[in-house]
Structures are given as structure tokens and as C-alpha cells.
Amino acid sequence: MFFRGIPIPEAPAPMNRAFHTRPQLECSVCGSRDHAPFITTGTMMHEGESADFRFNRCAVCDAVFLTNPVVEDDLGAFYTEAYLPYRGETAWGRYAGWVRRDDERLNAKRVAWVRRFLPRDAAEAAVLDIGCGKPDFLAKLKSSERVHAVGIDRTAAQWGDSKYSSLELIEGDWRELRTERQFDALTAWHYLEHDYHLSATERACHQLLKPGGVLIAEVPLYQGLLQRLQGPHWQGWHTPRHLTLFSVRSWKHAFPEDRWNHLEHRTSGTLSAFTLWWLGHHEKRNGSWSGSMEPHFWGLVFWKVALAPLFLLERFIPLGIQTVVLKKKAHE
Ligand SMILES: [Zn+2]
């Protein structure tokens, strides 16, 4: 079969490959089969076997999605020692303290976002962070707000620190979470672009929220300036881990207006678009991902200072990050 805009599904990958792909024939947001090739990128932040990954753009909702995603069970091939977020601040050697302070500022911004939407009259608001990873955001939220803070992720590998003891941390697939509790806020910081089942996610978010509760989601924005400048090297693609790059208008397809109030959409976020730019810059220069990042620190500082005027305008010029706040309607 050949649907408009997408290649003929490829033959099964040879058994000696570390991963397999499958054809994605429909837009991952709205299900349309009306889409056309947008960009092809190689594997990113990865030092194993490479491959070409093809993104198409949907003619209905403008979302860009991966047409040959890696099958979910093989994703582990892309979360190795070369995966920088797993290595955290220690990857930066003697500059780890600088990275840690940067993380603290990031989490403070996240807390400020959530605080705006917590109910003022509740004795204790309930917040669930989907794909919480190392739960520093939740720990910071808990330290300043009266909240019951819940984090869920597939791995508990980064939860050993005693500062997380006041949090409820759950290991597993968040969509299989069975709880009587409903939440005042769900947060998804750079999660939805990884999601394999967006319509199930929309239903699960709706079910987990109290009426009037909010979902705050931050993801990359391919319609920003940096994707245009960097093309296939822009780290927002993060291939093949990112399956969906939401467009500005795709949100109303993913979260229909009969069930959600679209309270806010910003073309910026808590993560600076500079981060995605610099990672893409490193990728383009074939920089190592598994070795120490220490030798790259001063280069990063140079670019951060040189490009500061551009990134200070991030609130006004779409660069490469977006944030949405979606409120569950009280009655459908
Ligand atoms: Zn679509």
C-alpha cells in the first residue's frame, strides 16, 4: 500500500539489528492519512547503530510525526550510557555544580508554573508528575506548597536520595495507574513527544484529573526559529525517542474542546530553547555523548553568552519550546 506522502512500509529489520521499526501510517495526533514528508534525521544522542528516521507533516493538524518509529520494546537501545539526561550533572565533571544550579533554576520555574493553577482553598492539593525521572521538581514543589506530590516513571533508578522520602513515587506505566485519587494538576515536562498512544493518554489524563483540574505540558516546538536554522540537527527531533512534534494548532485535535478548556499556550517553556540548540550543535560536530562533557563546558558558556540576546527574546519569538495548560471541563 502507498498512502499519500509516506514511503512504502519497510521490510522487517534484520535480526542482528539492535532495534526494529514499524510503519506509522496515520498522524499520531489526529489519525489523518493526509500527510507529506517533512524531514529525515539520523539517530541522535546515540553512539550505536544509526538509521534514517522519517518525519511527515499532517495536512489536517500540522503535527509532525515519525513514520518509522522504533517498536516500544526495543527503545532500550536508545537509553544507554550515551544518553546525557541519565548521566546528569556528573557527566560535567568539575562543572557539575554549575549544571546542578541550572537544574535548580529550571525546577523553580516549574514550581512557579504549577503554583498559578493550584486551588487556593484546598487544604492539600494533589499533583501528579508523569514521567518524573529524577523527582527534583516534585521535591521542590513539596518544599514550598501544601501538596500531595506523586511521581510516576518506568524506572526507580534515580529515587534513592532521602530528600525524596516525602513524595509518593510509583514505578510503572502511568496509564495503568489504578487509584481512587483525582488530581488538581498533572504535569508532563517533555513527556508527550515520547508518547506512543496519545489518544489513550488524553483519556487517562481526563480520568485522573478532578473536574477543573489542569494538565500542564511542555514539549519542543518544531515551528520555531531554531528548527529552521538547524534542520535535521535540531535536538527537538531527538530521534528516534520523539514520536510527535506538536504544532500550535494540533493541541485542539489531541485534547478536544468538548472535554478541555485550552487555558494557555506559550511559545516558550521552563527549558531554554538554547539547550536544544546547543545539543544539536554538539550533534552536528559529531561530539561524543558517552565521554566526559567537561571539555565542552567553556564552549557551551561561550555560545550561551554570544547568543544571549536571541534567547532573551524567547517569550516573544518562537524559538523551539512550547507550553500548554489544559483544563478538564466540569461537565461534558
Ligand atoms: Zn494530524
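Which residues does L186 touch, not counting residues up to four places away in sequence? The legend to Figure 2 answers this. The model is predicted; local features need pLDDT of at least 70, side-chain atom pairs count only at pLDDT 80 or more, and totals for chains, interfaces and linings use all residues. Numbering starts from 1 along each chain as its sequence is written.

**Figure 1. Overall fold of the predicted protein.** The secondary structure comprises nine helices and eleven strands. Helices (H or I, at least four residues) and strands (E, at least two) are DSSP runs, numbered from the N terminus. The C-alpha trace spans about 55 × 50 × 40 Å along its principal axes. The radius of gyration is 20 Å, which agrees with the value near 20 Å for a compact globule of 332 residues. That radius is taken over C-alpha atoms, and the globule rule is 2.2 Å times the number of residues to the power 0.38. Buried residues account for 39% of the 332 residues. A residue is buried if 20 or more other C-beta atoms lie within 10 Å of its own, exposed if 12 or fewer, and partly exposed in between; the C-beta atoms are placed from the backbone. Take the contacts between residues at least 6 apart in sequence: 74% join residues at least 24 apart. Two residues are in contact if their C-beta atoms, placed from the backbone, lie within 7 Å.

**Figure 2. The largest nonpolar core, with L186 among its most connected members.** This core holds 70 residues. A nonpolar core is a set of buried Ala, Val, Leu, Ile, Met, Phe, Trp, Tyr and Cys residues joined through C-beta atoms within 7 Å. A63, V127, L186, L215 and I216 touch the most other members. Strand β8 (residues 209–220) gives the most to this core, with six residues. L186 touches L128, I130, C205, L208, L209 and L215, leaving aside residues up to four places away in sequence. In soluble globular proteins, nonpolar side chains tend to be buried together.

**Figure 3. The seven-stranded open sheet.** The strand order is β6-β5-β4-β7-β8-β11-β10, with mixed pairing. Two strands pair if DSSP finds at least two bridges between them. The edge strands, β6 (168–171) and β10 (260–266), each pair on one side only. On average, neighbouring strands of this sheet are turned by 15° against each other, direction ignored. Axes are lines fitted to C-alpha atoms, for helices over the stretch in contact, and angles run from 0 to 180 degrees between N-to-C directions. Strands β10 and β11 (residues 321–328) run antiparallel and are joined by six bridges. H265 stands opposite V324 in β11.

**Figure 4. Helices α2 and α4 against the seven-stranded sheet.** Helix α2 (residues 96–115) packs on the sheet and touches β4 (125–130), β7 (183–189) and β8. The direction of α2 makes about 145° with that of β7. Helix α4 (residues 198–208) lies across β4, β7, β8 and β11. It runs at about 140° to β8.

**Figure 5. The four-stranded open sheet.** The order is β1-β2-β3-β9, and the pairing is antiparallel. Strands β1 and β9 (244–245) are the edges, each pairing on one side only. Six bridges link β1 (residues 35–41) to β2 (residues 53–58). P37 stands opposite N56, and T41 stands opposite F53. Three bridges join β2 to β3 (residues 64–66). F55 has L66 as its bridge partner in β3. The β2 and β3 hairpin has five residues between the strands, and D62 there takes a positive phi near 70°.

**Figure 6. Backbone features at H190, H238 and P240.** H190 is not a glycine, yet has a positive phi of about 55°. H190 sits in the loop between β7 and α4. With 19 other C-beta atoms within 10 Å, H190 is partly exposed. H238, also not a glycine, has a positive phi of about 45°. H238 lies in the loop between α5 and β9. H238 counts as buried because it has 24 C-beta neighbours inside 10 Å. P240 is placed in the loop between α5 (225–230) and β9. A cis peptide bond joins T239 and P240, with omega about 0°.

**Figure 7. The loop site of G88.** G88 is found between α1 (84–87) and α2. G88 counts as partly exposed because it has 15 C-beta neighbours inside 10 Å. G88 and K252 are 164 residues apart in sequence and 34 Å apart in space, C-alpha to C-alpha.
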